[in-house]
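Subject: Structure handover

Hello,

Here is the structure I promised to pass on. Please open it alongside this note.

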Amino acid sequence: LLAAALLLGAAAPAGNAARGREIVTNGTASGVLPCMVCHGAGLSGNPAIGSPKIAGLPEATTMAALASIASGKLGTNYVMRNIARSLTPAERADVAAYLAGLGGAK
């Protein structure tokens with residue numbers, strides 16, 4: 001995953017954090033659910049349903065995770081897989097930029 005993150009980080013378009021915030025809080029017009037539905041209002045995760053903390057993740061980590069989830073190489077949650085597949089590359093970059101700007105990932 002780290003190698004993929006490094007490769008994607010170099011090739012990924014620069015994200016727009018303001019657009020990412022809209023996706024995270026409101027979803028998309030194409031039906032992608034808001035990230036907050038499963039990851040919580042503070043994006044600190046929901047252990048009861050197995051959703052991890054995503055606030056503060058580095059952009060490359062989010063980009064690599066979304067690509068791996070979309071391809072079926074990471075995770076088994078079909079809802080998250082459909083979300084990752086439905087996001088455009090630009091939307092993925094926007095979400096990644098917003099999440100990275102939240103800070104606090106340890």
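Below is what I found in it, from the whole chain down to single residues.

This is a predicted model: local features need pLDDT of at least 70, side-chain atom pairs count only at pLDDT 80 or more, and totals for chains, interfaces and linings use all residues. Residues are numbered from 1 along each chain as its sequence is written, and side-chain values use heavy atoms, with hydrogens and water left out.

The overall picture

The chain has six helices and zero strands. Helices (H or I, at least four residues) and strands (E, at least two) are DSSP runs, numbered from the N terminus. Of the 106 residues, 34% are buried. Buried means under 20% relative accessible area, exposed means over 50%, and partly exposed lies in between (1.4 Å probe, protein chains only). The chain exposes about 5900 Å², and carbon and sulfur atoms supply 62% of that. These areas come from the Shrake-Rupley method with a 1.4 Å probe; for residues, only the protein chains shown count as cover. Take the contacts in the chain between residues at least 6 apart in sequence: 61% of them join residues at least 24 apart. Contact means heavy atoms within 4.5 Å.

Helices α2 and α6

Look at α2 (residues 17–26) and α6 (residues 89–101). Their axes come within 7 Å and cross at roughly 95 degrees. That makes α2 roughly perpendicular to α6, a label for angles of 65 to 115 degrees; under 35 counts as roughly parallel, over 145 as roughly antiparallel, and the rest as oblique. Axes are lines fitted to C-alpha atoms, for helices over the stretch in contact, and angles run from 0 to 180 degrees between N-to-C directions.

On the α2 side, the residues that meet α6 include Arg 19, Ile 23 and Val 24. On the α6 side, Asp 94, Tyr 98 and Leu 99 are among those that meet α2.

Gly 15 is partly exposed, with a relative accessible area of 28%. Beyond four places in sequence, Gly 15 is in contact with Ala 93, Asp 94 and Ala 97.

The nonpolar core

Which residues touch the most other members of the largest nonpolar core? They are Val 24, Leu 43, Leu 87 and Leu 99, out of 16 residues. Such a core is a set of buried Ala, Val, Leu, Ile, Met, Phe, Trp, Tyr and Cys residues joined through side-chain atoms within 4.5 Å. Helices α2, α4 (59–71), α5 (78–86) and α6 each supply at least two residues of this core.

Leu 43 is found in the loop between α3 and α4. Leu 43 is buried, at 1% relative accessible area. Its phi is positive, about 55 degrees, although Leu 43 is not a glycine.

Ile 54 is also placed in the loop between α3 (36–39) and α4. At 10% relative accessibility, Ile 54 counts as buried. Leaving out residues up to four places away in sequence, Ile 54 touches Cys 35, His 39, Leu 43 and Leu 99.

One last spot

Ala 67 lies in helix α4 and counts as partly exposed, at 26% relative accessibility. The C-alpha atoms of Ala 67 and Ala 84 are separated by 7.1 Å.

Best wishes
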